[in-house]
Amino acid sequence: MLSLMLLPVLAEAQDNNMAYVEKNFAKTLWFSTGNAAGLAIAPLNKFNTVGLDYYYTDGAFKRKQEGKSLSDIRFQTQGAMKSGKVFLWGKFGYDNITENGTKFNTLLYNPFDERFLYNVADTSKSNWKKQSYDLEFKAAVPVVADKLYVGMHLIYSDKIAAKQIDPRAESYKYNITVKPSAVFLSGKSSIGINGYYSNTFERTNPTNSNNSLYHNVYVLKGLGNYVLDVIGGNGSLNTFYYKCNSYGGGLQYYYVSEGSKHFKMLAEAGFIEHKTNVRQGSSQPQKMGSTKMDVIYSSLQCLFGQGGTLNKISASYINKNTDGTEYTSVWSTSRGEWVVATQAVMSNYATNTAEIAYDRFICRKNRDSYDWRLSASARLYAKNDEYYLPNSTFDYDNCLLNVKAGKNISFAKSDLLLSLKASYNYNISGKYNYTGNKSDAPTITDWYAHDIKILTSDFMQGGIDVKYGIKIRDDINLGLSGSFSYLYANKDKLHRTITGIGVNLIF
């Protein structure tokens, strides 16, 4: 992997700049699907990048479990090449994250993952330190020339996190995902199929720096409902274990029409089921809850153009439906273990996302990069969450519009890529309704009441990206980058800024 991504092997004449990398991914339709075997039909052009970036985010337009400020030091390297008959792509990334001013997340690396509903919350404003190691690899190889290709997509991530203020926690999380695939070619058409298996595990230990003290915490049930418990002292919460297994697969159809008007089309549909069990304690485990998330997804991509113009239209739809099951456990003295007395599905979380996007690349002939890039997209996002007893609902519908224009300016031994972008979010509807007897609890008045304001806000966002590349050699480009975006929400006049700088090599 490291040899592939870091060594400038098989160098050839090409545009070694960020515009080249962007267009490389945009025109490779198979890359964004679950089928790695398709890379042998429409491969990425050879490239290697290695870079170091720093991002800083700040502002009050945020959900409670997000930090008011966040800094991320990111190292990333990736590359694509062909070795013999094998088509390869790989990526490695490392993130060192500091998040300041979070609330209502005591345990989890990512509290927004709905597979892990049964979290613990506290009202202390705290910082989180996080590190993430992410590795991906795709390979495709022909089995029968021009007829059958097989591929494999592997993903491995290892993450650690530590909450800095009592009650605190240390979280260790890993994920491994395997997606085997195959593509069968027949004339201008291709049929693809891929499998999906993923195993995710997170172990998180709640503690206090002074264990003689204790802190009240909320063992969450959903949408502000909870059971009160403590961390610290003799009756403290024990280590939580989250274990998730996921299964699924997808189908793809690919069509190519060569000629004066080059046209490619790729359609995909698939299904994934995630099953998560949460327990407390290891020697005497107690079930804390379980979730079952079903994901249905589909997409359509079309690529066409002639001369120096390339157009891409894409559309996608994702439906996520999650059921949360709660358990009533009793201690069995005779057996010396926790026994489940009753269990029931108590909550449902539904998310629907539909998006359509258009990209246009304008370039001089015989160039792998572009001179102009124009992009636009529209996304509809609908959230409908319900807790059954006491009945609580959390619903909102948003429409997000995005536009972006990029200009790549070439000089004798350097190039400058300037991009301007703007977004507008329009809230269609939204409301949080709680009918239980804990209406004055902080989970209701401070957390969910705040989050529904954020998620039902109209906002505008604008930004600029600047990337400057200098040719060190014909096949090596040193890049410097900077970015800035500003978000302003009409409701409560909140804002948020994102700033980034970076340095990278492209070869």
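A residue is taken as buried when its relative accessible area is under 20%, as exposed when it is over 50%, and as partly exposed in between, with a 1.4 Å probe and protein chains only. The structure is a predicted model, in which local features need pLDDT of at least 70 and side-chain atom pairs count only at pLDDT 80 or more, while totals for chains, interfaces and linings use all residues. Residues are numbered from 1 along each chain as its sequence is written, and side-chain values use heavy atoms, with hydrogens and water left out.

By the accessibility criterion G463 counts as buried, because its relative accessibility is 14%. This glycine belongs to strand β19, which covers residues 459-473; strands (E, at least two residues) and helices (H or I, at least four) are DSSP runs numbered from the N terminus. When neighbours within four places in sequence are set aside, G463 is in contact (heavy atoms within 4.5 Å) with S419, L420, K421, F484 and S485. The C-alpha atoms of G463 and L417 are 14 Å apart in space, with a separation of 46 residues in sequence.

Helix α2, residues 18-26, is mostly covered, with 8 of its 9 residues buried; the buried residues are A19, Y20, V21, E22, K23, N24, F25 and A26. At the start of α2, a side-chain oxygen of N17 comes to within 3.3 Å of the backbone nitrogen of A19.

Open space was examined on a 1 Å grid over the protein atoms alone, where a pocket is an open set of points with protein on both sides within 12 Å along at least five of seven lines, and lining residues have an atom within 4 Å of a point. The largest pocket holds about 360 Å³ of space, a volume being the space filled by probe spheres set on points joined across faces, edges and corners. Its lining comprises 20 residues, of which K23, K27, H262, L303 and L310 lie nearest the centre. Strands β12 (262-280), β13 (286-305) and β14 (309-332) each supply at least two residues of this lining, and β13 gives the largest share, with 3 residues. By class, the lining of the largest pocket has 6 nonpolar, 8 polar and 6 charged residues, where Ala, Val, Leu, Ile, Met, Phe, Trp, Tyr, Cys and Pro count as nonpolar, Asp, Glu, Lys and Arg as charged, and the others, Gly among them, as polar.

The second largest pocket has a volume of about 190 Å³, and the residues that line it include K221, Q286, E326, Y327 and M346. At least two residues of this lining come from each of β13, β14 and β15 (337-362).

Methods. Polar contact = N/O pair within 3.5 Å; in protein donor to acceptor, adjacent residues only side chain to side chain. 1 Å grid on protein atoms, 1.4 Å probe; cavity = no way out; pocket = protein on both sides within 12 Å on 5 of 7 lines; lining within 4 Å.
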